[in-house]
Amino acid sequence: MATAVRFFILLLLFLSSLNPILSLYEDQVGLMDWHQQYIGKVKHAVFHTQKTGRKRVVVSTEENVVASLDLRHGEIFWRHVLGTEDAIDGIDIALGKYVITLSSGGSILRAWNLPDGQMVWESSLQGPKDSKTLLMVEKSSKVDKDNMVIVLGRGCLHGVSSVDGEILWKKEFDIQSLKIQQVIQPPGSDFIYVVGFSSSSLFEVYQINAKNGEELQHETAAFTGDFSQELSLVSSEMLVALDAARSSLVTISLQSGKISFQQAYIPRLVEGSSGPAVMLPSPVTGILAVKINAVTVFIKVTGEGKLEVVDKTEHTTIISDALPVTEGQQAFALVQHEGNKIHLIVKIADNWGSDLLKETIEMDQQRGLVHKVFVNNYIRTDRSHGFRALVVMEDHSLLLLQQGAVVWSREEGLASIVDITTSELPLEKQGVSVAKVEHNLFEWLKGHLLKLKGTLMLASPEDVAAIQKIRLKSSEKSKMTRDHNGFRKLLIVLTRAGKLFALHTGDGRIVWSLSLPLLRYSENCQHPMGVNLYQWQVPHHHAMDENPSVLVVGKCGQSSDALGVLSFVDTYTGKVLRSFGLDHSVAQVVPLPFTDSTEQRLHLITDADKHAHLYPKTPEAVGIFQSELSNIYGYLVEADNGIIKGHALKSECVGKEADEYCFDTWELWSVVFPSESEKIIATVTRRPNEVVHTQAKVIVDQDVMYKYISKNLLFVATVAPKASGEIGSATPEESWLIVYLIDTVTGRILHRMSHHGSQGPVHAVFSENWVVYHYFNLRAHRYEMSVIEIYDQSRAENKDVWKLVLGKHNLTSPISSYSRPEVVTKSQSYFFTHSVKAMAATLTAKGITSKQLLIGTIGDQVLALDKRFLDPRRTVNPTQAEKEEGIIPLTDSLPIIPQSYVTHALKVEGLRGIITVPAKLESTTLVFAHGVDLFFTQLAPSRTYDSLTEDFSYALLLLTIIALVAAIFVTWVLSERKDLQEKWR
């Protein structure tokens, strides 16, 4: 019997050793997370379609990205995301193998290897002043010849070698007021023209030797009127300018280096035209485009400088760059938008009447208008010319059009997200057929048998493939219904283009997209912009019958007094429920903690005149609001003026028509920071939906500290005005960082702390009763992170943990911000290795799980740092009791553990924000990081203590139970037999 027992014990030990360990393998990356790469709205594009090598298009974008895209599928071959201050001014291709980029206002020139994107060289171009930037690469048929790169930037003209980036020459101009408009190189010549204006009526022309930068000739001519500074190049020796009144076109001839003017009055040239004219970019030789009101007029310029109207259209028209088709001939594309169709027309510059291509493409109206078009040609099998067009739409999407169809598209609007909220998915309808249950049971048994074979290393390659397929299928992460753990949700994101996207958290796919009508360009709203996104209606009582909705707040313009617009969108269908423009501006939007009978959340919108407007505008909402009016307080941060003001509300607006939904504000308090010593650079508050599990914190020796929990606390960071610039802009003696904790109801400063010799930028996160902030220490030449924890001393009598357990405490006594709080703070500072782009804290359903800080590093990765490392009670030699409590020994630096990177080996290029959303499962929080890229994952700060992992082997558990039952039965039989033998003796 002893032998049998040993056998079963060894069997159980063997089976238990087969359980999976808590780690993440390479093949598991992507099961619970997803990563999407974007580039942003395209500004410039250059095609590279040589017979040898891959066909590609090189682009630069508004997100400061230079990238190479596969022309067949739109996939990214390579890309580089430059700094936020390193805006790209132009791109071109030199020597057929280098991508040349000009950035930072014409001060940085780089060359990238075309096949793989590796940087070849970089040159810094210096100059005395800011100016227009231009990039021009000499075209040569000889591949081995050095193509000179001509660069205009910082008020100077540079000649740079395309082989190694050496600055061959530099030309500075004597006239300080000169504003250069164009750099022209006639075909086949060794000189270039530099043209511009030195005053409103003086036109300047410099003739420069392209080989050495020597000035050959300088001519100045005065125009009888004034120029509007708009200039269009129509040939190598002909330009057209617009006069200051925008009513005449002035043809400027440069033949033989001499300047001559010819003036044409636009109303005489274009019959029936009235109003000011605007010149459109038109790089096509001999063709000029002018927009007068809503009409686009195309004008041909002859060799003698005469102007002739060849066409005009009322449709929105976009013109492409010139494209060499044959020797001496240039083609260009026109894209006209009409309803849900776009017309693509390719013409020869010399012959306006004939069309090389004319196609009509059906277009999704949600994409808006065409903003840019880039055209490229190819040779068909019948030796005729074919054309493809790269189109940039109003919603920032990128499309390739060819043969009357959309070949591929990229939703580049997702590279510029401005706000995010979440929505639950629909509930799964009950009722399943018996056949489906039987089929699911069979699949379940089959899957676990295959997993058991894999665990016992008996699976064939076909079985391994089937196991992986079942794992992906069984995860059900992409279903369009809610799951009991709360992992499946919709991420509703608002982009800078004013478009809404609903992304599924399971796999990141776009469920629906919507271009909001009121956030698109129109005559009434010429500069629309989305501001914020809020949850409007979240049905709980009628979740099966009603859909949740979100509120989108926008405004028409950048100014503070621009009128606002509101849109209400169904999050399940992506349909606009209603939308309307406001008769007031939007300075601040405050979601209130009240809902009406339809579960619509009340929102308070404060305008620039400090009037508060209540939405929804219903009698029920007003009644709810009026009953809580005495308990509603607000504050406004005027960072530029260094003032924080707190206010309360009173009924009815003064000086306006009677409106029961408008309320006046009256100032309760203000905190004024002296402008000569402090400047506000950061403010942060607690998230309104954060759940705190307990106010009590049990520490050493069963002592209790009570967290000061208040949603009215505001963290404010100020710096010395001299230190408000970049790091190193001031000396340590001139720099200081001061942080405040302010009660926004009373304006009382609860805590103030100074960091001498420190400066911003400051990134902070506020959670429960603590705030963590990141800054730069000039004295130590290192980044630091500090933590402040605030505790309530008014509950000191409840320090006995047994009183807390037995309920003999005063935790339920009411708290008022007007009663002077007895608070105590604890703080500590640590060195931190990285610069920080964004910070957030994990958020769980009940607030029980330990907190982690999510830090967006300068390397565009997200690091998870346990909050215990930022405990201000850490000491160098903690006692045994403190160790048991979990306090970590004090070190001067915070650790960077490679395994703690939430993004693994991936990067979220251009990282701008990190959002955390609680799941229904207490152990898990959902993390979404966005920038140019998007990244989503599930995070369990305290491990998944309340659930089993998806790859848990139920078959192995069943086998273990069977083995235990068999062991019990065998030992029982052996025991009975032994007892029987004992009795017979």
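**Reading the labels: cysteines, backbone and strands**

Student: Why is Cys-556 called partly exposed, rather than buried or exposed?

Tutor: In this predicted model, the relative accessible area of Cys-556 is 26%. The buried class ends under 20% and the exposed class begins over 50%, so a value of 26% places Cys-556 in between, as partly exposed.

Student: And how do you know whether Cys-525 is buried or exposed?

Tutor: The relative accessibility of Cys-525 is 5%, and because buried means under 20%, Cys-525 counts as buried.

Student: What makes Cys-525 and Cys-556 a disulfide?

Tutor: Their sulfur atoms lie 2.1 Å apart, and a pair of cysteine sulfur atoms counts as a disulfide when it falls within 2.5 Å, so the pair qualifies. The torsion about this S-S bond is -115°, and the link is left-handed. The pair links distant parts of the chain, 31 residues apart, with Cys-525 in the loop between strand S38 (510-515) and strand S39 (528-537) and Cys-556 in strand S40 (residues 549-556).

Student: How many disulfides does the structure hold, and which other cysteines are joined?

Tutor: There are two disulfides in the structure. Cys-653 is joined to Cys-662, with an S to S distance of 1.6 Å, which is also within the 2.5 Å cut-off. Cys-653 and Cys-662 are buried. When the bonded cysteines are counted along the chain, the pattern is 1-2, 3-4.

Student: Why is the disulfide of Cys-653 and Cys-662 called left-handed?

Tutor: The label follows from the torsion about its S-S bond, which is about -90°, so the disulfide is left-handed.

Student: Why does Cys-156 count as buried?

Tutor: Cys-156 has a relative accessibility of 0%, and since buried means under 20%, Cys-156 is placed in the buried class.

Student: Turning to the backbone, what makes Ser-104 worth a remark?

Tutor: Phi of Ser-104 is near 55°, a positive value in a residue other than glycine. Most residues other than glycine have a negative phi. Ser-104 sits in the loop between strand S7 (98-103) and strand S8 (108-113), and its relative accessibility of 23% falls between the limits of 20% and 50%, so Ser-104 counts as partly exposed.

Student: What is phi of Glu-768, and why is Glu-768 called buried?

Tutor: Phi of Glu-768 is near 50°, again positive in a residue other than glycine. Glu-768 is found in the loop between S55 and strand S56 (770-777). Its relative accessibility is 8%, and because buried means under 20%, Glu-768 counts as buried.

Student: How do you know that the bond joining Tyr-615 and Pro-616 is cis, and where is Pro-616 placed?

Tutor: Omega for the Tyr-615 to Pro-616 bond is about 5°, and the peptide bond is cis. Pro-616 lies in the loop between strand S45 (611-615) and helix H5 (619-627). The peptide bond from Gly-760 to Pro-761 is also cis, with omega near 5°, and Pro-761 belongs to strand S55 (residues 758-767).

Student: What makes S63 and S64 partners?

Tutor: Strand S63 (residues 925-930) and S64 are joined in the antiparallel sense by six bridges, and because at least two bridges are needed for pairing, the two strands count as paired. Thr-925 stands opposite Leu-939 in S64, and S63 and S64 form a hairpin with three residues between them. Strand S1 (residues 34-36) is joined to S64 by three bridges, running antiparallel, with Gln-36 opposite Leu-934.

Student: What makes strand S64 mostly covered, and which residues have the most contacts inside the largest nonpolar core?

Tutor: Of the six residues in strand S64 (residues 934-939), five are buried. The largest nonpolar core has 35 residues, and those with the most contacts inside it are Val-42, Val-57, Val-59, Leu-390, Phe-928 and Leu-934. A second, separate core has 22 residues, including Ala-331 and Met-363.

Student: Why are S59 and S61 called edge strands?

Tutor: The three strands form an open antiparallel sheet in the order S59-S60-S61. Strand S59 (836-841) and strand S61 (862-866) each pair on one side only. The twist averages 25° from one strand to the next. S59 pairs with strand S60 (residues 852-857) over five bridges, and Ala-841 stands opposite Leu-853 in S60.

Definitions and conventions
Residues are numbered from 1 along each chain as its sequence is written. This is a predicted model: local features need pLDDT of at least 70, side-chain atom pairs count only at pLDDT 80 or more; totals for chains, interfaces and linings use all residues. Side-chain values use heavy atoms; hydrogens and water are left out. Helices (H or I, at least four residues) and strands (E, at least two) are DSSP runs, numbered from the N terminus. Axes are lines fitted to C-alpha atoms, for helices over the stretch in contact, and angles run from 0 to 180 degrees between N-to-C directions. Buried means under 20% relative accessible area, exposed over 50%, partly exposed in between (1.4 Å probe, protein chains only). A nonpolar core is a set of buried Ala, Val, Leu, Ile, Met, Phe, Trp, Tyr and Cys residues joined through side-chain atoms within 4.5 Å.
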